[in-house]
Amino acid sequence: MLDQYYDLKRNDSLFHRHNEQNQSPPPPPLPLKRNNRIIDRCRNFKGKGIQIRLLSLLLSVFLLYSGSIMCHRHRWSGMALLRSHWERLLLLLLDPKTKILKKTNGEIAIDDIIVLVMGEADLFQDWYDKLKDVQNPDLYLVYASYDSEVPVSIVDEKIAQNVANIGTENGSIPFHTIHIPDKTWTEGRNLLAAEALRKEKVRGKKFSYWFFLDDDVEPTCHPATEKVYGESGSCWQKVFTFLTSEAVPEKASTVALPMYLKDGFVATSNVNSFNAAFKRSRVPYLLPYVSLPKGASQWIAQAANMCVVGSCMANSVVFVPLIYSTNSKHRKHPTDGYTVQNIQAAIEDNFHDESINFIPCQDWDKMRYYSEGEFSDMKHQMLGPYPSCEELNGHISYTKQSYCTPLRKRFTVWEQKVL
């Protein structure tokens, strides 16, 4: 997938100028590799122009509905991740705006993502404006304001804007807001997760991802993303393009923006949770966040999540290539008591079941086990970088579904309380 990027890196000084200006440490260079397989899940299809022929169309329809081809999620640089003229033609005819399509039980479906943001009420308009122009996939925004309610006048204005833009080229995004006064970061995340559950129940369909974001997350795109992700759209558009493409490794549980640029496909177990897109299939293992005593450091909830990933689906948090972000405001919050003893106490209280010998992270007795993979001195905490998602996928651990059944049961109990 990154072949065009490697060509740019060798020949274009933009790469070097960008890294000189970036205060984050530069990533290690990737080996330049070429994959000679005809079908590579993570590379662009490079072919000649499509000749529209009736035979090709008929054969495409037959193959699609017989279930003998794999429908692909997106096109990098306009026509990527498609492996035959027939599929490309069919997708163009089915959706001239290049919606992200996938095959589910023989039917065409559209990926969609629920975006769950917690932040200041004044920033709701900014988030609406950032996301309304994302073309693919379909998004639904839940904004939780912790300081004050989002003014009714602003909510009504955006609803009217959504209605007015139906059938036009102007962007819109369905949304609703909630007010969560006097809630911690962990409590706020769980309230947002509850909103996602309720929304799924109302519409009778699960989202592809639950994408949690702090309100100060802002992605920065490397210049090479114009070649790899396509020239059109904002940096946020490119983030969502990656999320719903087949460039996401199959065994990934979570997709996240790294804190410094990743020059290839990289994964870890321990990640800063200021942004985290949970695959819906993995949500029952990862949520809800742990319950904490009043005044406890919110970092403990993040550390407990690292324990779950490391124990049940090691190194399955995949970073978006060529895009990074920081949480610029990083507001004050309780940090006292962030010790390995308190982390283990929270893990035991929320996860452990000694009757069935489910005792994850019992031997994680040093803080370094809970350090973020991007900055850890433990080499095994990071996989990659690899030049293809298939190579990375081969190193990611399978989810230990049987061993981690207690987590799914915990989620089910919580889900029943919410609904």
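**From a disulfide to the sheet and its helices**

A disulfide joins Cys221 to Cys235, with an S to S distance of 2.1 Å. Here a disulfide is a pair of cysteine sulfur atoms within 2.5 Å. By this rule the count comes to 3 disulfides. A disulfide is a covalent bond between the sulfur atoms of two cysteines. The torsion about the S-S bond of Cys221 and Cys235 is about 100°, so this disulfide is right-handed. Cys221 sits in strand 7 (residues 217-221) and Cys235 in helix 9, so the pair ties together parts that are 14 residues apart in sequence. Helices (H or I, at least four residues) and strands (E, at least two) are DSSP runs, numbered from the N terminus.

The model is predicted: local features need pLDDT of at least 70, side-chain atom pairs count only at pLDDT 80 or more, and totals for chains, interfaces and linings use all residues. Residues are numbered from 1 along each chain as its sequence is written, and side-chain values use heavy atoms, leaving out hydrogens and water.

Now the sheet. It is open and has 9 strands, in the order 5-4-3-6-10-8-11-9-13, with mixed pairing. Two strands pair if DSSP finds at least two bridges between them. Strands of a sheet pair through backbone hydrogen bonds, either parallel or antiparallel. Which strands stand at the edges? They are strand 5 (175-179) and strand 13 (382-386). Each has a single partner strand, so one side of each is left without a neighbour in the sheet. From one strand to the next, the twist averages 20°.

Look next at strand 6 (residues 209-214) and strand 10 (residues 275-279). They pair in the antiparallel sense over 5 bridges. Tyr209 has Lys279 in strand 10 as its bridge partner. Helix 9 (residues 235-243) packs on the sheet. The strands that helix 9 touches include strand 3 (112-119), strand 4 (138-145), strand 6 and strand 10. The direction of helix 9 makes about 150° with that of strand 6. Axes are lines fitted to C-alpha atoms, for helices over the stretch in contact, and angles run from 0 to 180 degrees between N-to-C directions. Contact means heavy atoms within 4.5 Å.

Helix 5 (residues 124-131) and helix 6 (residues 152-164) pack at an angle of about 15°, with their axes 11 Å apart. That makes helix 5 roughly parallel to helix 6. Angles under 35 degrees count as roughly parallel, over 145 as roughly antiparallel, 65 to 115 as roughly perpendicular and the rest as oblique. The crossing of helix 5 and helix 6 is right-handed. A crossing is right-handed if the near helix is turned clockwise from the far one by less than a right angle, and left-handed if anticlockwise. On helix 5, Phe124, Gln125, Tyr128 and Asp129 meet Ile154, Glu157, Lys158, Gln161 and Asn162 of helix 6. These contact residues divide into 3 nonpolar, 3 polar and 3 charged. Ala, Val, Leu, Ile, Met, Phe, Trp, Tyr, Cys and Pro count as nonpolar, Asp, Glu, Lys and Arg as charged, and the others, Gly among them, as polar.

Helix 11 and helix 12 (residues 340-350) pack at about 65°, with axes 9 Å apart. Their crossing is right-handed. Ile300, Ala303, Ala304 and Cys307 in helix 11 meet Asn342, Ile343, Ala346 and Ile347 in helix 12. By class, this contact has 7 nonpolar, 1 polar and no charged residues.

The axes of helix 7 and helix 14 (residues 405-418) come within 10 Å and cross at roughly 75°. That makes helix 7 roughly perpendicular to helix 14. Asn190, Ala193, Ala194, Leu197 and Arg198 of helix 7 make the contact with Phe411, Trp414, Glu415 and Val418 of helix 14. The residues divide into 6 nonpolar, 1 polar and 2 charged.

Last, the backbone. Most residues other than glycine have a negative phi, and most peptide bonds are trans. The peptide bond from Leu287 to Pro288 is cis, with omega near 0°. Pro288 lies in the loop between helix 10 (283-286) and helix 11 (299-312). A cis peptide bond also joins Gly384 and Pro385, with omega about 10°. Pro385 is in strand 13. Asp182 has a positive phi, near 60°, and is not a glycine. Asp182 lies in the loop between strand 5 and helix 7 (185-203).
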